[in-house]
Amino acid sequence: MEKKLTPEQIAELKEKIKNMSPEELKEFQKKQCIFCQIVEGRVSAKKVYEDEVSIAILDINPANPGHILLMPREHYTILPQVPESEINHLAAVAKKLSNAVLRALDAKGTNIIVANGVAAGQKAQHMMIHIIPRKEKDSVAFSIPQKEHSMEELDSVQKRLAQKFGTVAEERQVPKPKEVEAEIKEEKPGKVDLDEISSLFSGRKK
Amino acid sequence: MSECVLCGIVESTVPSKKIYEDDSIIAVLDFMGALPGHCFVFPKRHYTIMEQVSDEEIGKVFEVANKISSALFETMEVQGTNIFIANGVAAGQQAPHFICNVIPRLEADGINLQWNTKQLSEEEMSTVELKIKEQIRDVVSFRAKGKPEVAEKKAVRISEEAGEENYLIRQTRRRP
């Protein structure tokens with residue numbers, strides 16, 4: 001266990017951290033990171049998958065049994081720091097792990113979640129993708145409230161975000177966004193036929 | 001009009017505010033997000049759930065989702081972002097077309113993506129571990145192909161954009 005630090009030592013440490021370069025800071029964080037220790041095999045974990053870039057372990061405090069944490073071996077705090085090639089790879093692995101838990105645990109769905117930042121619910125300091133097996137009426141209850149926004153506001157947000165891709169997205173006449181939303185709501189969830197999909201799975205062993 | 005609203009967006013028969021579009025992937029604004037800036041990223045081809053999406057497309061979906069996530073930090077002053085997929089009705093999926101949500105976050109924004117943790121016995125954990133490993137052997141076929149390219153190993157965009165206000169650095173300093 002860590003030793004208790006005196007207030008002076010804490011102040012000193014804070015000062016030291018403040019003066020670190022981003023590279024030094026990353027190295028420092030890596031040493032403190034429990035998930036880096038798992039990656040290095042110094043802390044034990046229930047590893048369900050690993051390759052050269054990523055490893056996946058069972059969460060010891062799962063939302064549901066079979067809750068998987070998929071992470072890059074390299075220490076990154078949030079997804080925007082991860083190189084694209086690794087993101088592509090992690091996504092493909094996440095898909096396969098989701099497929100595996102659906103089959104292994106007779107789950108009826110999965111949630112895939114990345115939290116960037118404390119405000120987003122991030123708890124670990126090592127970027128990870130959560131894969132949470134779901135069943136009807138389990139105890140997991142996510143909610144995302146809906147709000148209306150003015151067209152002006154949406155237009156301005158669209159422009160700002162589209163700039164990231166170097167193209168300002170095509171302007172479109174959108175007179176009635178509320179009607180569009182209503183249509184989306186009418187799509188009944190029942191249309192997602194998991195039985196049909198699981199039959200696809202069984203014929204797809206590679 | 002196509003029966004699927006999201007296919008309708010792809011075909012431009014349903015109005016949308018596009019953020020990004022290429023041959024296979026499209027990203028649009030959610031008109032009714034908890035915060036403006038909530039985006040849907042999805043493959044143009046109609047897939048119901050994630051397992052049907054090709055490796056290439058799912059990689060691209062995450063790549064685009066991550067860029068939007070970065071853009072939200074850079075241009076909207078959000079305090080966090082979530083990438084969130086509801087895969088299957090039991091997971092809260094609403095439209096029958098696979099989508100990935102990029103969700104801007106602020107403290108106390110009313111969004112709940114937290115869960116209560118469960119305590120499993122060592123035996124239960126081991127059983128789950130074995131069951132999953134057994135399936136992973138069948139499902140993961142690309143492992144033998146070897147290493148995906150990890151060219152930009154450094155990935156230290158942080159150092160390029162160093163500065164007290166940079167969100168990448170803020171995140172790194174978050175919990176020393």
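This is a predicted model: local features need pLDDT of at least 70, side-chain atom pairs count only at pLDDT 80 or more; totals for chains, interfaces and linings use all residues.
Helix α5 of chain A comprises the twelve residues 151-162. The buried residues of α5(A) are A:Leu154, A:Val157, A:Gln158, A:Leu161 and A:Ala162. Because these residues cover an arc of only 120 degrees around the axis, they lie on the same side of α5(A). The face of the helix turned away from that buried side carries A:Glu152 and A:Glu153, both of which are exposed.

A:Phe165 is situated in the loop between α5 and α6 (177-186) of chain A. Setting aside neighbours within four places in sequence, A:Phe165 is in contact with B:Tyr20 and B:Lys67. With 18 other C-beta atoms within 10 Å, A:Phe165 counts as partly exposed, since a residue needs 20 or more such atoms to be buried and 12 or fewer to be exposed.

A further meeting of the two chains involves a pair of helices. Helix α4 of chain A, residues 84-104, packs against helix α3 of chain B, residues 122-139, at an angle of about 125 degrees, and their axes are 8 Å apart. An angle of this value makes α4(A) oblique to α3(B). The crossing in which α4(A) passes α3(B) is right-handed. On the side of α4(A), the contact is made by A:Lys96, A:Leu97, A:Asn99, A:Ala100, A:Val101, A:Arg103 and A:Ala104. On the side of α3(B), the residues concerned are B:Lys131, B:Ile132, B:Glu134, B:Gln135, B:Ile136 and B:Val139.

Chain A contains seven helices and five strands, which run from the N terminus in the order α-α-α-β-β-β-α-β-β-α-α-α. Of its 206 residues, 41% count as buried. Among the contacts in chain A with a separation of 6 or more, 55% join residues 24 or more positions apart. Chain B has five helices and five strands, and its pattern along the sequence is α-β-β-β-α-β-β-α-α-α. In chain B, 49% of the 176 residues count as buried. Residues 24 or more positions apart account for 51% of the contacts in chain B with a separation of 6 or more.

A:Asp106 lies in the loop between α4 and β4 (109-116) of chain A. Although A:Asp106 is not a glycine, it has a positive phi of about 55 degrees. A:Asp106 is exposed, because 11 other C-beta atoms lie within 10 Å. In the loop between β5 (129-134) and α5 of chain A stands A:Lys137. Phi of A:Lys137 is near 55 degrees, again a positive value in a residue other than glycine. Having 9 other C-beta atoms within 10 Å, A:Lys137 is exposed.

B:Pro96 is placed in the loop between β4 (80-87) and β5 (100-105) of that chain. Its count of other C-beta atoms within 10 Å is 22, and B:Pro96 is therefore buried. In sequence, B:Pro96 is 91 residues apart from B:Val5, whereas in space the two are 9.0 Å apart, C-alpha to C-alpha.

Note on methods: Residues are numbered from 1 along each chain as its sequence is written. Chains are lettered from A and ligands numbered from 1 in the order in which they are written. Helices (H or I, at least four residues) and strands (E, at least two) are DSSP runs, numbered from the N terminus. The expected span of a helix is 1.5 Å times one less than its number of residues. The arc is that of the directions from the helix axis to the C-beta atoms. Axes are lines fitted to C-alpha atoms, for helices over the stretch in contact, and angles run from 0 to 180 degrees between N-to-C directions. Angles under 35 degrees count as roughly parallel, over 145 as roughly antiparallel, 65 to 115 as roughly perpendicular and the rest as oblique. A crossing is left-handed if the near helix is turned anticlockwise from the far one by less than a right angle, and right-handed if clockwise. Two residues are in contact if their C-beta atoms, placed from the backbone, lie within 7 Å.
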